[in-house]
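Please open the model in your viewer and keep the selection tool at hand.

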Amino acid sequence: MKLRRLFAAIIDFATIGYIVLIPLGIIDYFINGIFIDIFIGITGLIAFFNMYIRKDCLIGNNSIGKKMAKLKIYQNEKELICKKTLIKRNYITFWTIPYYPFMILYNNKSEGDIKYSTEVKSFRKNN
């Protein structure tokens, strides 16, 4: 379960990275210069941050990685569907990304899970 959650996080991180970097890379290919590079860097960071905190709201109530790994987010034993809580949970988790793998491997909870009393569980029958 913990490894599936890490797999889902890697898929999400890579997907968001490609979605942000491909269009900015195309712009950089055609328009060159230091100011464009700075603009692309700042725009990329802002776009990545915004997509990351909304990743669980873009396709239903799960991210692409969670859907692939057959995981869902629960709060109080019910599937979490409040988009505001999902965004706040991911916002907190974003700032602790360097510790995320260790937190998941240790107790299967991110900082956002701890703060908002959520948990990520499998929805497969045989876990």
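The tour below begins with a pair of helices and then turns to salt bridges.

This is a predicted model, in which local features need pLDDT of at least 70 and side-chain atom pairs count only at pLDDT 80 or more, while totals for chains, interfaces and linings use all residues. Residues are numbered from 1 along each chain as its sequence is written, and side-chain values use heavy atoms, with hydrogens and water left out.

Select helix H1 (residues 2-30) and helix H5 (residues 100-107), whose axes come within 9 Å and cross at roughly 160°; helices here are DSSP runs of H or I with at least four residues, numbered from the N terminus. The two are therefore roughly antiparallel, a term for angles over 145 degrees.

Next, select Arg 5 with Asp 113, whose side chains meet in a salt bridge at 2.4 Å, N to O; the term means a side-chain nitrogen of Lys or Arg within 4 Å of a carboxyl oxygen of Asp or Glu. The pair links helix H1 to helix H6 (residues 111-116), 108 residues apart, and both residues are buried, that is, under 20% relative accessible area, where exposed means over 50% and partly exposed in between (1.4 Å probe, protein chains only).

Now move to Arg 89 and Asp 56, which form a salt bridge with their closest N and O atoms 3.4 Å apart. Arg 89 lies in helix H4 and Asp 56 in the loop between helix H2 (34-53) and helix H3 (64-69), so the pair ties together parts 33 residues apart in sequence.

Finally, select Tyr 91, also in helix H4 (residues 83-94), which is partly exposed at 38% relative accessible area.

Notes
Axes fitted to C-alpha atoms, helices over the stretch in contact; angles between N-to-C directions. Parallel < 35°, antiparallel > 145°, perpendicular 65-115°, else oblique.
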